[in-house]
Amino acid sequence: MTVPAPTEKTDPCRSPDPRDGAASSPPPHPRLVGLLAASCGLIAACLYYCQPLLPQIAASYGASPSSAGTLVTATQAGYTLGLLLIVPLGDIVARRRLIGFLLGAACAGMLLSGAAPALWVLLAGGLAVGAGAVVVQILIPYAASVVPAEQRGRAMGTLLTGVLLGILVSRTAAGLLGGACGWRAVFLAAAGTLAAVALLLVRLLPPSPPDVSLGYGAQLAATLRLAATEPVLRRRSLIGACCFAAFSVFWATSAFLLAGPHYGWDSSAIGLFSLVGAAGAIAAKATGRLADRGGQQAATGVLLALGVASFAALWPGGRSLAWLVAGVLVMDAVVHGVHLLNMNVVYGLPDHPRARIASVYMTSYYLGGAAGSAIGVTAYRFGGWGAVPAPGAALLAVALLVWALGFRRRT
């Protein structure tokens with residue numbers, strides 16, 4: 001007799017999961033999901049404010065552009081460490097207290113950055129901002145735990161839309177405010193925004209006890225065991241890592257293309273081009289509704305196939321703006337849509353605390369993004385734009401293969 005493989009849908013015959021909002025408590029007020037989405041957007045924006053300000057920062061300290069660029073690296077390093085070491089705390093400590101503490105740390109990091117007398121102090125502030133910003137990966141699992149299972153996809157779509165809009169608006173807002181008032185004003189204003197978000201969340205979120213009673217070391221060990229023993233989580237984490245890697249292959253090199261001899265755009269025009277990514281926010285909402293109807297498996301395969309095709313459109317984009325925009329629209333919609341489907345699947349896994357799931361999945365996701373950036377920059381360095389689409393398409397083809405193997409095992 002064969003043993004059925006793990007599936008990516010919750011068994012309808014199992015007892016209700018106490019983490020599912022529909023099973024243990026009435027649905028949350030719709031405004032709570034909106035508050036969480038707005039909060040996630042404002043917090044995620046803090047990771048990207050610094051990017052358009054790097055030339056000003058370099059000039060202020062008399063540093064090279066590459067030295068100022070280490071601020072981005074410090075912020076990303078803080079975020080990655082937070083995913084590994086802080087997010088698992090979401091299962092074992094009071095969530096509202098943890099949220100307040102992390103937002104306080106991010107706010108302090110912004111204040112330190114805005115007043116930094118030297119570049120190394122600014123880097124320390126960026127590290128604190130990145131570590132505190134992982135509160136987004138505590139709010140998203142929290143939302144998944146308080147909404148009914150049949151509404152989880154729409155809720156995840158709303159929160160992901162908030163994150164994407166926060167990222168999109170952050171660069172434009174930072175550039176405008178930094179141009180008018182200087183780069184320090186951006187960090188100080190961001191600190192005030194984070195303080196306001198912290199006060200709102202601590203005041204309005206209902207208190208909740210820890211999901212499990214474990215020490216910190218035992219929780220980290222349990223998170224590692226989960227990554228080793230849960231095949232659905234491993235599969236979806238690999239798919240997510242490949243998708244974000246492909247996404248980063250393009251966005252890490254697009255500025256080189258647009259500033260190059262064929263397009264010759266300045267930094268303002270290149271920044272506006274990133275708004276094309278708003279398609280991802282629209283796709284997230286639509287994909288969330290599809291996920292609530294139980295179409296995660298088929299939709300994942302269709303989107304990944306479209307993603308491979310989008311990189312075929314990006315190749316002639318080196319000479320044609322129409323092809324470039326078309327490829328970006330499809331690629332962004334695919335990456336964000338698959339990310340939403342992945343979250344809907346993994347946060348619906350029974351019998352696993354969600355902060356552990358978030359730590360495993362999001363760490364894999366961001367490591368994939370870092371690898372994709374390196375792959376894209378290397379491909380562009382040695383082969384120009386013509387060498388960029390191939391690795392992006394290959395990464396999405398790997399994700400499609402992983403999906404197909406999982407689908408075959410499931411059926």
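Reader: What share of the contacts in the protein with a separation of 6 or more is between residues 24 or more positions apart?
Author: That share is 84%, where a contact means heavy atoms within 4.5 Å. Bear in mind that this is a predicted model, where local features need pLDDT of at least 70 and side-chain atom pairs count only at pLDDT 80 or more, while totals for chains, interfaces and linings use all residues. Residues are numbered from 1 along each chain as its sequence is written, and side-chain values use heavy atoms, with hydrogens and water left out.

Reader: Why is Asn342 called buried?
Author: Buried means under 20% relative accessible area, exposed over 50%, and partly exposed in between (1.4 Å probe, protein chains only). Asn342 has 0% relative accessibility, so it counts as buried. Asn342 sits in helix α16 (residues 321-346); helices here are DSSP runs of H or I with at least four residues, numbered from the N terminus.

Reader: What does the side chain of Asn342 make a polar contact with?
Author: The partner is the side chain of Tyr361, at 3.1 Å. The cut-off is a pair of N or O atoms within 3.5 Å; within protein, one must be able to donate a hydrogen and the other to accept it, and residues adjacent in sequence count only if both atoms are side-chain atoms. Leaving aside residues up to four places away in sequence, Asn342 touches Arg236, Ile239, Gly240 and Tyr361.

Reader: How many aromatic pairs turn up, and what makes Phe247 and Trp251 a tilted one?
Author: The whole structure has 12 aromatic pairs. Their centres are 6.2 Å apart and the planes are at 50 degrees, so Phe247 and Trp251 are a tilted pair. The rule: rings of Phe, Tyr and Trp (its six-membered ring) pair if their centres lie within 6.5 Å, with planes under 30 degrees apart stacked, over 60 edge-to-face and the rest tilted.

Reader: Why are Phe247 and Trp251 about one helical turn apart?
Author: Because they are 4 residues apart in helix α11 (residues 231-251).

Reader: What makes Leu127 partly exposed?
Author: Its relative accessibility is 39%, so it counts as partly exposed. Leu127 lies in helix α6 (residues 119-132).

Technical notes
Helix = DSSP H or I, 4+ residues; strand = E, 2+ residues; numbered from the N terminus.
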